[in-house]
Amino acid sequence: MEREVFDRMADVDLRHWWFVARRRIIARFLEEHLPRGGEPLRILEIGCGTGSNLPMLQAFGTVEAIEPDGGARRIARDRFDVPVRDGMLPDGLDVPDGTYDLIVMLDVLEHVEDDAAALAAVKRKLKPGGRLLLTVPAMPWLWSSHDEAHHHFRRYTAGRLTGALSAARYTIRHHSHFNTLLFPLICAARLAGWITGRRGGDDAMPGALANRVLGAVFASERGWVARRSIGVGVSMLAFAEA
């Protein structure tokens, strides 16, 4: 991603509606789908950015992280008491094979040109029966300057995502679109951007009231996403077993 994207992320990712609501959705999903009891899980977040997901993941086990951007990595280390090391998909994951119970990649896979190789590399780091939770941007026709500013290679269809997981020999346990209730509003915003030629991302901090309302609407989907496969939404989630 561009340098200013990481700088903006560090400024807003603990309070911006999109980041906050996505964390609530992921936490609810993990609460419902991870095994209960037993030893704490060993968890790796790949592409942790400036680290805002790390405290949420610590509720489920012992957390480590990988982040290729040096500036973002330093921010994550400074903010949270989690080891964050350098690394790059698909060939630069300097962690032992067969180590993790859960690997999390939240809006990371779209940044990797060879997503098939990336998924295969991640699978090698999981214990047998370990789980991968990932989210990606959905619906290729929503491509905009936001994707370009964030250096995305693609937005996903359900078929593209599940096909890539199956090709890497994962067993898919659940997949669903999400960010569904705000889908019409986001489509309108993207259309306005196309018409006006607006450049840059969509992650500016809104006013306090708008931020609360948008976050509440987005987060209200968390029960649906954990239990159902929704067919439309701005983003997509998949949960797969090695």
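Which residue in E2 does Leu-41 stand opposite? Leu-41 faces Gly-61 of that strand. The structure is a predicted model, in which local features need pLDDT of at least 70 and side-chain atom pairs count only at pLDDT 80 or more, whereas totals for chains, interfaces and linings use all residues. Residues are numbered from 1 along each chain as its sequence is written, and side-chain values use heavy atoms, with hydrogens and water left out.

The description begins with the sheet. Helices (H or I, at least four residues) and strands (E, at least two) are DSSP runs, numbered from the N terminus. An open sheet is formed by 7 strands in the order E3-E2-E1-E4-E5-E7-E6, with mixed pairing; two strands pair if DSSP finds at least two bridges between them. Strand E3 (84–85) and strand E6 (171–178) are the edge strands, each pairing on one side only. Strands of a sheet pair through backbone hydrogen bonds, either parallel or antiparallel.

Within this order, E1 runs parallel to strand E2 (residues 61–66), to which 6 bridges join it. E1 also pairs with E4 in the parallel sense, over 3 bridges, and here Leu-44 stands opposite Ile-103 in E4. Strand E4 (residues 100–106) is in turn joined to strand E5 (residues 126–137) by 6 bridges, and these two run parallel. Met-105 has Leu-134 as its bridge partner in E5. Strand E4 is mostly covered, as 6 of its 7 residues are buried; buried means under 20% relative accessible area, exposed over 50% and partly exposed in between (1.4 Å probe, protein chains only).

Ala-65 belongs to strand E2. Ala-65 counts as buried because its relative accessibility is 0%. Leaving aside neighbours within four places in sequence, Ala-65 is in contact (heavy atoms within 4.5 Å) with Leu-44, Glu-45, Cys-48, Leu-54, Val-82, Pro-83, Val-84 and Arg-85. Its C-alpha atom is separated by 9.3 Å from that of Gly-87, 22 residues apart along the chain.

Two loop residues come next. Ser-52 lies between strand E1 (41–46) and helix H3 (54–58). Ser-52 has a relative accessible area of 7% and is therefore buried. The side chain of Ser-52 makes a polar contact with the side chain of Arg-23 at 3.1 Å. A polar contact is a pair of N or O atoms within 3.5 Å; within protein, one must be able to donate a hydrogen and the other to accept it, and residues adjacent in sequence count only if both atoms are side-chain atoms. Beyond its neighbours within four places in sequence, Ser-52 is in contact with Asp-13, Leu-14, Arg-23, Arg-79 and Phe-80.

His-152 is found in the loop between helix H6 (145–149) and helix H7 (158–167). His-152 counts as buried because its relative accessibility is 12%. The side chains of His-152 and Asp-147 are joined by a polar contact of 2.8 Å. With neighbours within four places in sequence left aside, the contacts of His-152 are Glu-110, His-111, Pro-137, Trp-143 and Asp-147.

Finally, helix H2 (residues 17–33) packs with helix H9 (residues 208–219) at an angle of about 25 degrees, their axes being 8 Å apart. H2 is therefore roughly parallel to H9. Axes are lines fitted to C-alpha atoms, for helices over the stretch in contact, and angles run from 0 to 180 degrees between N-to-C directions; those under 35 degrees count as roughly parallel, over 145 as roughly antiparallel, 65 to 115 as roughly perpendicular and the rest as oblique. Among the residues making the contact are Trp-17, Trp-18 and Ala-21 of H2 and Leu-214 and Phe-218 of H9.
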